[in-house]
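Thanks for coming. I will take one surface feature and then the charged pairs.

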Amino acid sequence: AAQLGGGLDEAPREIALPGFVSAFDVSPDGTRALVQTAPTPLVDDSYTKMRVNLIDLASGDVTAIVETPGKIGDVEWAGDGSQLSLIAGVDMNDPAATTLHLVDASTGTYRALNAGAAEAAVDAEWLESGRLAAVIHVGTEARLRLYDADGSVAQEYDPGELILTRIEAAGGTLAVAADTPRHPSELFVWKDGA
């Protein structure tokens with residue numbers, strides 16, 4: 001961690017974490033970070049023993065650890081910093097991170113939103129409205145699903161022949177990468193349900 005503004009910080013400080021860091025993201029208010037770590041740099045550990053550590057950036061203290069039992073996919077901060085969305089496996093033997101979870105950012109406790117459903121969560125992104133937009137694959141089709149902050153399904157959209165693969169949101173705009181039967185990945189903007 002290093003201070004910004006007023007020139008070069010001559011004394012950046014190390015934040016000691018258990019294991020090896022593979023990814024991180026700073027909270028919207030800049031006070032905390034989520035840091036993904038594995039106990040060793042071995043590939044197997046990066047698949048099955050990855051953890052999300054929640055860190056207070058002022059002190060460097062780990063305030064919570066999300067003790068997921070399986071593989072970790074996409075992790076995103078909610079706009080208000082109170083929770084995370086997490087796509088992860090349900091256990092160590094789950095072959096893919098496809099279950100969407102909500103995580104309490106103060107305690108690290110999590111709960112699955114689509115556990116056991118015959119579907120796969122592929123990507124998720126928090127919207128300015130406080131809702132969570134998720135790309136969900138059901139068989140060979142894709143859906144854009146909106147969840148309220150409490151985890152209830154608010155709306156679901158069928159994108160027709162588009163197979164959504166990634167989602168990003170900022171400034172009131174929601175963009176998705178999608179494949180079609182005639183073209184590989186292209187960029188689309190979602191607006192007013194279309």
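Start with F24. Its relative accessibility is 60%, so F24 counts as exposed, the cut-off being over 50%. Keep in mind that this is a predicted model. F24 sits in strand 1, residues 20–26. Together with V21 and V26, F24 makes up a nonpolar patch on the surface, and the accessible area of the three is about 290 Å².

Now the charges. Side chains of opposite charge can pair when their charged atoms come close. Searching the whole structure gives 9 salt bridges. I will go through three of them.

One joins R145 to E119, at 2.8 Å from N to O. R145 belongs to strand 11 (residues 141–147), while E119 is in the loop between strand 8 (110–112) and strand 9 (120–126), so this pair ties together parts 26 residues apart in sequence. Buried or exposed, what is R145? R145 is buried, at 8% relative accessibility. E119 is buried as well, with a relative accessible area of 17%.

R145 also forms a salt bridge with E156, with the closest N and O atoms 2.5 Å apart. E156 is in strand 12 and R145 in strand 11, so the pair links parts that are 11 residues apart in sequence. E156 counts as partly exposed, at 39% relative accessibility. R145, E119 and E156 belong to a network of salt bridges that also includes E141, R143 and D158.

D148 lies in the loop between strands 11 and 12, and R131 in the loop between strands 9 and 10, so the pair ties together parts 17 residues apart in sequence. D148 is partly exposed at 26% relative accessibility, and R131 is partly exposed at 28%.

How values were computed. Residues numbered from 1 in each chain as written. Predicted model: local features only at pLDDT ≥ 70, side-chain atom pairs only at ≥ 80, totals over all residues. Heavy atoms only, no water. Patch = residues over 30% accessible without salt bridge, like charges linked within 9 Å, V, L, I, M, F, W, Y side chains within 5 Å. Areas by Shrake-Rupley, 256 points an atom, 1.4 Å probe, with all protein chains shown as cover. Salt bridge = Lys/Arg side-chain N within 4 Å of Asp/Glu carboxyl O. Helix = DSSP H or I, 4+ residues; strand = E, 2+ residues; numbered from the N terminus. Buried < 20%, exposed > 50% of the residue type's maximum accessible area, 1.4 Å probe, protein only.
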